[in-house]
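The sequence and coordinates are shown here for reference while reading.

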Amino acid sequence: MLFKLTHLSLGLMILNRSYAQSVRDKYTVQIPESERLALEGIVEDDPGDQMSIMKDWESPEYPLIYRNPLPIPPVLEPKLKITNPVTGKEIWYYEMEIKPFTQAVYPTLRPARLVGYNGISPGPTVMVPRGTESVIRFINNADKENSVHLHGSPSRAPFDGWADDLTFPGEYKDYYFPNNQAARFLWYHDHAVHITAENANFGQAGAYLITDSAEDALGLPSGYGEFDIPLVLASKYYNEDGTLQSVLGEEQSSWGDVIHVNGQPWPFLNVQPRKYRLRFLNAALSRNFALYFVKSSAQNTRIPFQVIATDAGLTTHPVQTSDLYVSVAERYEIVFDFSGFAGQTLELKNFPQANGIGTDDDYEHTDKVMRFVVSSDPVQDDSRVPEVLRAPTAPLETNSPASTGIDHHFRFHRHNSEWRINDVGFADEKNRILAKVPRGKIEIWELENGSGGWTHPIHVHLVDFKVLERYGSESTRGVMPYEAAGLKDVVWLGRHETVLVEAHYAPWDGVYMFHCHNLIHEDHDMMAAFNVTQLSNWGYNETDFSDPEDPRFSARPYNRADLTGRAGPFTEQAIEETVRDLALLQPYSQLEEVEELLEEAWRENPNQKRDERCEQPAAGPIPRYRRFVV
């Protein structure tokens with residue numbers, strides 16, 4: 001048997017090397033010279049004896065697996081609907097207070113003290129129709145500083161949750177979001193420099209759904225919390241007294257041995273024998289999932305289902321599969337048909353070590369996620385899954401790849417016990433901008449994990465991307481069919497995996513982050529930035545939003561009495577004035593014109609070049625003024 005396994009491993013290695021060479025033959029490498037030299041100088045730490053061992057528990061043993069119902073996060077209603085003075089459309093204004101609360105996770109132990117949005121975790125779900133801008137005031141009444149990132153949104157840089165754009169306890173910040181994308185599952189979460197993992201671990205994450213009429217017309221299972229179910233996955237460790245373990249000081253990964261769904265360990269959900277839309281979000285700190293369904297009475301037989309959406313919304317068509325990789329920060333949506341299982345019990349399970357792609361530590365019950373109890377009574381189900389869900393999105397799905405040149409190569413690695421990208425960490429302010437991309441350019445980036453000791457889910461802010469290729473010496477998969485059917489903003493680099501992604505760096509200019517979304521790696525410093533630079537001879541005057549630390553949009557102090565008494569900046573009049581002042585700067589209202597001008601600029605000059613130098617932009621806003629009269 002050992003002889004056969006050795007020859008199988010050798011065969012896979014040869015096959016993978018052959019495939020990698022075929023990819024290299026297809027694409028030309030045209031990375032900057034400075035980047036090539038940096039890559040040549042990388043020395044990767046040897047993972048040595050780091051290996052995953054199956055354990056029973058590190059937390060106290062949890063006695064109520066599949067005994068508690070799945071909670072559904074409540075929908076947050078806007079406090080005000082304010083007319084945009086430029087467009088005449090509504091802007092929905094929300095407030096969320098980041099504050100402590102307690103949750104009794106173990107029935108006979110102390111309650112855990114958590115910190116969440118509006119004092120719950122996951123936070124309330126925001127649901128907003130496409131084309132309706134929103135302003136959310138995040139009020140910090142917690143113990144630590146925060147920064148909020150609306151993950152998957154093309155927000156202007158000052159509203160994107162830049163890690164150093166901090167809101168301290170006793171301050172609030174107004175975030176302005178565009179909501180101009182097709183229907184999709186975004187999520188909001190903390191992004192504060194070096195403490196993102198701690199804040200997320202204690203509860204700072206929530207779902208944010210953009211809806212639109214085109215998706216509604218498809219007839220998919222609908223009704224939030226009824227037949228359209230958000231499933232926010234997490235995995236945590238608890239202390240012996242039932243309180244939540246801190247991750248401060250953890251520098252490797254925090255796998256967790258207690259699996260949560262919507263904040264509840266190993267819940268159950270009563271369902272009808274009909275189709276359901278299940279929206280998965282992996283909000284864990286480090287753990288990756290390889291999910292599959294089985295009947296409780298037939299644990300070895302996986303049940304197929306249809307993937308209908310990725311990070312960036314609907315796939316072009318449904319993709320049938322019987323297992324689904326969901327690395328940290330990824331979102332996938334599926335339709336599961338329970339109609340053939342009336343009166344039965346199904347379980348959502350997780351392959352150990354994410355089916356061999358990951359390096360996650362496993363425990364006695366981390367192979368379990370939740371249970372579905374199907375009722376016996378027949379029901380009428382008018383929902384359906386069309387064969388075509390949407391048309392391909394231009395330009396990434398209509399003309400891809402746009403070139404055969406690899407513009408950047410980024411290696412995610414560990415050096416001297418520090419997590420780095422091309423040997424740079426986020427704390428290196430002078431060098432952390434690793435790419436300057438001309439506004440509106442389509443680029444191919446090569447993302448590499450050169451180690452077999454760890455894996456990296458990579459998130460690029462601002463853009464959606466298409467996963468073009470996946471290869472590597474230990475990779476047992478290419479681009480998964482459900483990855484290929486849609487666009488993404490997170491891609492998982494498994495052991496010794498390299499991935500090619502293509503993105504359109506538009507419509508906005510500015511400085512944005514990209515990083516590993518294993519939050520322990522991110523905090524310890526596997527995060528860098530790219531600068532979407534303004535085109536020469538652009539000839540279009542607009543308010544500048546390129547600086548993510550622009551002081552015009554920084555957090556402001558507040559008086560607790562004003563918040564509770566709705567005085568000062570919390571009066572309706574003050575809020576309306578603030579929102580209208582933001583709208584008059586027009587961060588998003590000229591989107592169509594900007595896109596048209598970018599297309600024209602690249603049509604007239606397709607060979608616009610980047611500046612290889614990647615200095616940090618000058619501090620402070622660069623004043624530019626819009627030519628439009630409001």
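## The largest cavity

In this predicted model, helix H3 (196-201) and strand E12 (228-236) each contribute at least two residues to the lining of the largest cavity. Strand E12 provides the largest share of that lining, namely four residues. The cavity has a volume of about 200 Å³, and the structure holds five cavities of 30 Å³ or more.

A total of 19 residues line the largest cavity, and those closest to its centre are Ser-121, Ala-200, Gly-203, Ala-234 and Lys-236. By class, the lining of the largest cavity consists of ten nonpolar residues, eight polar residues and one charged residue.

## The second largest pocket

Sorted by class, the residues that line the second largest pocket are four nonpolar, six polar and six charged.

## Overall architecture

The protein chain contains nine helices and 36 strands. Its radius of gyration is 24 Å, close to the 25 Å given by the globule rule for 630 residues, so the chain is as compact as a globular protein of that length. The C-alpha trace spans about 70 × 60 × 50 Å along its principal axes, and 60% of the 630 residues count as buried.

## A five-stranded open sheet

Five strands form an open sheet in the order E27-E26-E29-E33-E31, and their pairing is mixed. Strand E27 (418-421) and strand E31 (465-471) stand at the edges with a single partner strand each, so one side of each has no neighbour in the sheet. On average, and with direction ignored, neighbouring strands of this sheet are turned by 20 degrees against each other.

Strand E31 and strand E33 (residues 498-504) run antiparallel and are joined by six bridges; within this pairing, Tyr-471 stands opposite Thr-498 in E33. Strand E33 also holds Ala-503, which has a relative accessibility of 2% and therefore counts as buried, the cut-off being under 20%. The C-alpha atoms of Ala-503 and Leu-487 are 9.5 Å apart in space, while the two residues are 16 apart in sequence.

## Strand E19 and its two partners

Where does strand E19 (residues 305-310) sit relative to the rest of the structure? Five of its six residues are buried, so strand E19 is largely enclosed by the rest of the structure.

Strand E19 is joined by five bridges to strand E20 (residues 313-321), and the two run antiparallel. Strands E19 and E20 form a hairpin with two residues between them, and Gln-306 stands opposite Gln-320 in E20. Strand E19 also pairs with strand E22 (residues 331-337) in the antiparallel sense, over three bridges, with Ala-309 placed opposite Glu-333 in E22.

Two cis peptide bonds can be described here. The bond from Ser-121 to Pro-122 is cis, with omega near -5 degrees, and Pro-122 lies in the loop between strand E5 (112-117) and strand E6 (123-129). Ser-121 is also among the residues closest to the centre of the largest cavity. The bond from Ala-394 to Pro-395 is cis as well, with omega near 0 degrees, and Pro-395 is found in the loop between strand E24 (368-374) and strand E25 (405-406).

Positive phi values occur at Asn-179, where phi is near 55 degrees, and at Asn-416, where phi is about 50 degrees; neither residue is a glycine. Which of the two is buried and which is exposed? Asn-179, in the loop between strand E9 (171-177) and strand E10 (184-190), is buried with a relative accessible area of 1%. Asn-416, in the loop between strand E26 (408-415) and E27, counts as exposed at 58% relative accessibility.

Terms used: Residues numbered from 1 in each chain as written. Predicted model: local features only at pLDDT ≥ 70, side-chain atom pairs only at ≥ 80, totals over all residues. Heavy atoms only, no water. Pairing = 2+ DSSP bridges. Axes fitted to C-alpha atoms, helices over the stretch in contact; angles between N-to-C directions. 1 Å grid on protein atoms, 1.4 Å probe; cavity = no way out; pocket = protein on both sides within 12 Å on 5 of 7 lines; lining within 4 Å. Points joined across faces, edges and corners; volume = space filled by probe spheres on them. Nonpolar A, V, L, I, M, F, W, Y, C, P; charged D, E, K, R; others polar. Rg over C-alpha atoms; globule rule 2.2 N^0.38 Å. Buried < 20%, exposed > 50% of the residue type's maximum accessible area, 1.4 Å probe, protein only.
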